[in-house]
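Here are my notes after a pass through this one. Have the structure open while you read, as the points jump around the chain.

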Amino acid sequence: MRVCSLLLGGLLSACGSPSLPSDHPSPEPFKPVQTKTDASLAAASGFADQTGGGIFATATGEALRLRLDGTRGALENHPGNTVAPGRVHAVFRMGAGSALVEADNGLFLAQSGWLIAPPWREVLGTGLRATAATADGAVWLGHDSGLYRLQDGAMSSLRVDGKPLDGITSLAAASENGTEALWFLRQETLWTAVRTAPGTWQVKQAEAPLVEKERPLVVVGLGASEKGKAEAWVLTSERLLRRAADGWRQVALAQTPTQVLAAGRFVWVRAGDKLLSYDADADRWGEATGVDTREFRFLAADESGCAWVQLGAETVALSRGPVPRVLGLLEGMQVVEDTLVVRARVAPGVAPLSLTFEVAGVQVPVRGPEYSLGGAEADGTPRPYSFVGLEPGPHTLSAVALYADGTEARRSVVFDYQPLSTVALGWDKDIRPIHESRCANCHVSGPGRPLATYELWKENASLIIAAVREQRMPADGPLDPQLISLIQRWAATGANP
């Protein structure tokens with residue numbers, strides 16, 4: 001195992017401040033859309049996919065894939081695995097469309113209906129507590145034995161003075177003083193890790209404004225968008241804190257918060273007998289009505305604002321409204337192609353009167369059942385939409401569904417548009433090294449689709465791009481965003497040899 005060096009930062013005071021600025025939410029009541037499933041799930045963490053559905057552990061110790069409507073999807077042990085997972089304990093987020101499943105026989109990836117045994121399966125046994133993904137393509141694993149970083153298929157143990165960072169219970173990717181950082185709870189103390197140089201990280205105790213005997217319990221991350229930077233939110237034994245752009249703030253709720261969960265630009269909070277949601281882009285708090293929180297537990301949340309929860313013996317997906325899902329464009333994705341197929345999947349139940357895409361000030365009405373941003377060919381095949389003319393940089397695409405009762409449901413996805421450069425890319429010079437280091441193990445002699453030659457890569461370019469962009473492949477962890485961009489640019493500029 002490769003070991004990264006770390007620099008230990010100075011410890012900072014954690015004294016409370018009586019002048020701490022406060023947010024005073026006035027939640028608007030709303031009746032959430034509830035999608036129930038008949039599956040009996042374990043009271044353990046799960047993974048929610050922003051395109052709908054998710055991966056969870058059942059009460060009997062199996063990994064279960066659920067669709068957007070609550071029905072079961074296919075999920076099986078890959079025939080190329082040398083060992084079956086065994087009893088499943090919990091599920092964690094791995095990439096935008098993949099989950100990390102902890103089982104008796106190690107860690108497995110849930111991707112495209114398969115449970116896949118990665119090369120590093122036996123490195124870590126049971127004891128995984130939390131995961132977080134940072135913008136550099138790394139996946140961080142908080143394990144009983146330490147803090148691990150998985151990137152480019154290699155797993156490294158992060159240590160301070162040669163000692164492991166064990167005892168981590170919570171992880172979140174957010175910013176610290178404008179710099180991307182990893183936040184974590186270790187032994188009831190809040191810490192941050194910031195990269196200062198390749199292979200070097202500064203680890204320091206966070207300057208959280210805690211009062212005497214106040215303990216941090218959970219840290220979650222609020223993602224960045226055009227309207228705001230990434231933030232860390234901390235649930236303590238007394239209250240809810242947020243590390244906003246202007247410093248620490250207290251979220252003054254009417255009742256003491258006891259549970260918190262976040263994904264994308266949404267935060268869910270259970271406070272007393274209330275269930276609250278916060279939409280950061282709209283700067284709007286809501287209170288879910290008609291939800292019995294007496295026996296309540298968060299399982300997972302996704303970037304659309306949906307939370308999967310346990311209500312007594314039932315498992316329910318809760319959304320503020322019938323939010324459509326966007327396919328082909330993921331939260332935070334870098335887009336390099338001039339054209340892209342983007343579709344919307346409407347919420348189960350009653351179809352909307354209309355659905356309109358909004359991007360860069362342009363409104364594009366579309367029709368079902370495909371709801372394709374670029375329209376459709378004569379045979380119904382979705383047509384790509386052209387981003388030519390769009391300024392480089394961050395943008396937001398929204399799918400807005402209007403219903404007969406006047407309800408408007410919106411799903412907004414932040415993406416980064418970086419047009420193609422004029423530099424010609426080639427398979428042998430630019431793509432083959434990626435193939436040999438990250439793909440060959442599975443796609444030459446392994447269980448994956450054959451991709452041993454340039455011709456096979458060119459023939460399957462659209463499938464490869466979709467898999468790496470959605471972080472379903474490689475099987476040993478997501479590619480670095482720069483490598484994903486390289487593959488996309490190669491294909492978009494002619495897939496040259």
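The points below go through some strands, a helix, the cysteines and one arginine.

1. A caveat to start with: this is a predicted model. Please read everything below with that in mind.

2. Take β5, β6 and β7 together. β6 (residues 54-57) pairs antiparallel with β5 (residues 47-48) through 2 bridges, and A48 sits across from G54 of β6. On to β7 (residues 63-66): β6 pairs with that strand too, again in the antiparallel sense, over 4 bridges. Here A57 faces A63.

3. Which way do the residues of β6 point? G54 and F56 go one way, I55 and A57 the other. Whichever side you look at, these residues are buried.

4. Next, the open sheet. It has 5 strands, ordered β9-β13-β12-β11-β10, with mixed pairing. The edge places go to β9 (76-77) and β10 (88-95); each has a single partner strand, so one side of each has no neighbour in the sheet. Further in, β12 (residues 106-111) and β13 (residues 114-116) run antiparallel, joined by 3 bridges, and L109 has I116 as its bridge partner.

5. On one hand, β29 pairs antiparallel with β28 (residues 266-271) over 6 bridges, with V267 opposite Y278. On the other, 4 bridges join β29 to β30 (residues 284-288), also antiparallel, and S277 has G286 as its bridge partner.

6. The turns on either end of β29 are worth checking by eye. The β28 and β29 hairpin has 2 residues between the strands, and G272 takes a positive phi near 65 degrees. The β29 and β30 hairpin has 4 residues between the strands. In that turn the positive phi, about 50 degrees, belongs to D283.

7. What is going on with helix α1 (residues 427-443)? Its end C-alpha atoms are only 16 Å apart, whereas a straight helix of 17 residues would span 24 Å. There is a kink of about 55 degrees, centred on E436.

8. How many disulfides does a search of the whole structure find? The count is 0. As for individual cysteines, C306 is buried at 2% relative accessible area. C439 counts as buried too, at 11% relative accessibility, because the cut-off is under 20%.

9. Last, R411, which lies in β42 (residues 408-417). Is this arginine buried or exposed? R411 counts as buried, at 2% relative accessibility. Its side chain makes a polar contact of 3.2 Å with the side chain of Q50, and another with the side chain of E331, also at 3.2 Å. Leaving aside neighbours within four places in sequence, the residues in contact with R411 include E303, S304, V323, P324 and L397.

Notes: Residues are numbered from 1 along each chain as its sequence is written. This is a predicted model: local features need pLDDT of at least 70, side-chain atom pairs count only at pLDDT 80 or more; totals for chains, interfaces and linings use all residues. Side-chain values use heavy atoms; hydrogens and water are left out. Buried means under 20% relative accessible area, exposed over 50%, partly exposed in between (1.4 Å probe, protein chains only). Two strands pair if DSSP finds at least two bridges between them. A disulfide is a pair of cysteine sulfur atoms within 2.5 Å. The expected span of a helix is 1.5 Å times one less than its number of residues. The bend at a residue is the angle between axes fitted to the seven residues ending there and the seven starting there. A polar contact is a pair of N or O atoms within 3.5 Å; within protein, one must be able to donate a hydrogen and the other to accept it, and residues adjacent in sequence count only if both atoms are side-chain atoms. Contact means heavy atoms within 4.5 Å.
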